[in-house]
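Hi everyone, thanks for making the time.

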Amino acid sequence: LLFLTLFTIGLVQAQSVQKFAGRMHPTSMNQKKSNSTALKSGVNVHSTATNIFTDNMDGDNSVAGLLARGYRTYFRGTGGPGLAEEWIQGDTGVFYAYNGNDSSYVASTFQSVLTANDIDNWLVLDTLNITAGNVFSFVCRTEAFSSFPDTIRVMYNATGATLPEDLNWVELDRFKVDTTGIWTLKAYAAPTTSATGIFAIRHAVADGGPLGSNSDYIGIDQIEVNDTTGTVYTNDDCLGATDINSLFGQPLGIEQVAGPYDNTTATTGPLDPTNGFECWGEPDGLGAAPEINNSLWFTFVGDGGNYFVESGTCAGVTNYISDGDTQFALYTGTCGSLTPENCNEDGPNATATVYPAGFSFGTTLGTTYYLLVDGFNFQGALSIGQFCLKVTKLASIACNDASLTFGAITNTPSLTCFGDTLKITEIGAIAPNTGSVNGIGWVVTTANITGSVDPLNDPSFLTSYRYASPAPDTITRIFINNLTTGFLAAGQILYWTPVSFGNAVKNTLAASFLQDLTLDPACTVSGTSIAFDLKVAGDPACSVGINENSASSEYGISNIYPIPAKTDISFTITAKQNSNLVISVKDNLGKEVSSKQINASKGENKITLDLNNSASGFYFINVSGEKGSYNVKFVKN
């Protein structure tokens, strides 16, 4: 069953939380960190380009060693120099090199300044004969899970000048160093041609140092400058998007699977879009600050058909992505100039514990599409690992297709007492799949709107649930009558109505609730409205906790859990004296579904009864003995 967010002001589906222990700011540049990684890991850089310059940093990476290899190093921080030079040999007590010997990388540390001061350490390459578009690349990282925002700036100077004070430096990028414990590839195109072009890397941090708030330790490895001719991009980049055309154009209803793919070492890139992923839920599931992190790219050409695409596991997966938690963004256009088409955080097959992205969409014949697959970032805890892509061709279902149906709808009784859980299950719904946004949703109204083609603009409209696209085999809607949703107050009759729609338009890319869409009345129809009488606490129609022999009963029931019940119900029987009791669960009609006899001891007696063979609905716990009887009502989902 789908677990769906009830209302825009209500519940939001929770993401699993990974917590990491904090750490003290290091006091010695040589100390081994408690959360350091002990494995070499990172990107694999594949290129057939001609190397103009390459240094795998296997040499002496002290300042003296760097100068001997043609680099220039400059300290331009404040309050220093500190206990360490501006650039030092890699420290294996913090992490290992990207390649070569364990310490064969160059590092810059917070110890390069004193107390709390600004760090600005320059590593300047020798002059090179550069053509515009040549690619400068390196890999970098910091300590795994570091809480300090170390930053790097990437510079280019076409004049051959090396001093930091020269006014011809052009900043190509500045970024916070990745803290996931992996080596991250960074690559930049030279903006201009120069026979004396120079690239530089700066560890530049304000308020750094041993007593500062923003610095720790960074490593640089595998520095290259390449002629881009023949460059092979990986699917970490839009330009290297993996071709998945083979998944499309296959027989109807037959799931096509590709993978596994692994986003563990994936990074962001200069051609990554800045929009089109507004529906993602970072940082806490509410979507206040969605961002691209460990992303992979895929591409295909539309054939005019309708498809459902989602992520998941498949044969060959040995390290399934954390919580299965992917998120999708679909684009058309060209890399660097992409147009958003669709977005999804959790697809229709997401559950309470696994969150694969997925959506249905219609393709345009001959149009090139790009699918961005990202791992969810829950407050710094990235979803990384392997996943597969699954594509199913859908039958084209027109707005007036004879096969359209709301399926079988089951629900709890219309009387919904205070504290009860209202639950509606829909099985076998078939909705139109015309247009890029289509599917099925539910609305809540104050009046019967059966058959409405414009439910969102009906005067009785109150709110909606998240819509599902495509219409799933089973969909469940839940509401608890506990006054937590102010405008759905107890003491009134409200109506729940399914809505089937196609050709809808998202009002924002983050649209997830039915009311976030503009519906096409020519392709929208509302099903049968179901009325629910929401009772206030203490309503006489809701007999909860009836003591059938209130004057003399010596038994009580307490600590009932779980609420609502599922496979069993547990509770505590309190007896004033030892006695023989019959304990049973009965439905609304008095039919017994489970029972047991006990010799109750004086005091508390813990009881569990099996409910596996009973349907959803209202039930009563009944305790009977020679001193009287006692009933308590509960609901089972």
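Before we look at any strands, one term: two strands pair if DSSP finds at least two bridges between them. And please keep in mind that this is a predicted model.

Okay, let's start with strand E34, which covers residues 530-534. Which residue stands opposite Ile-530 in E34? That's Trp-496. The strand E30, residues 492-501, pairs with E34 in the antiparallel sense, and there are 5 bridges between them. E34 also has a parallel partner: strand E25, residues 415-416, is joined to E34 by 2 bridges. Over there, Thr-416 has Leu-534 as its bridge partner.

Now look at the faces of E34. Ile-530, Phe-532 and Leu-534 make up the covered face, while Ala-531 and Asp-533 are on the uncovered one.

Next up, the cysteines. How many disulfides does the model have? The count comes to 4, and I'll take you through some of them.

Take Cys-279 and Cys-343, whose sulfur atoms sit 2.0 Å apart in a disulfide. Cys-279 is in the loop between strand E14 and strand E15, and Cys-343 is in strand E18, so this pair ties together parts that are 64 residues apart in sequence. The link is left-handed, with -90 degrees about the S-S bond. Are these two cysteines buried or exposed? Both Cys-279 and Cys-343 are buried.

Then there's Cys-314 with Cys-388, at 1.9 Å from S to S. Cys-314 sits in the loop between strand E16 and strand E17, Cys-388 sits in strand E23, and the two are 74 residues apart. The torsion here is about -65 degrees, so this disulfide is left-handed. Cys-314 and Cys-388 are buried.

Another disulfide joins Cys-399 to Cys-523, with 2.0 Å from S to S. This pair links distant parts of the chain, 124 residues apart: Cys-399 is in the loop between E23 and strand E24, and Cys-523 is in the loop between strand E32 and strand E33. Because the torsion about the S-S bond is about -95 degrees, this link is left-handed. The two ends have their own labels, though: Cys-399 has 29% relative accessibility, so it counts as partly exposed, whereas Cys-523 has 4%, so it counts as buried.

Last topic, the backbone. As a rule, most residues other than glycine have a negative phi, and most peptide bonds are trans.

You'll find Asp-323 in the loop between E16 and E17, and with 27% relative accessibility it counts as partly exposed. Gln-379 has a positive phi as well, near 50 degrees. Gln-379 is in the loop between strand E21 and strand E22, and at 56% relative accessibility it counts as exposed.

Technical notes:
Residues numbered from 1 in each chain as written. Predicted model: local features only at pLDDT ≥ 70, side-chain atom pairs only at ≥ 80, totals over all residues. Heavy atoms only, no water. Buried < 20%, exposed > 50% of the residue type's maximum accessible area, 1.4 Å probe, protein only. Helix = DSSP H or I, 4+ residues; strand = E, 2+ residues; numbered from the N terminus. Disulfide = S-S within 2.5 Å.
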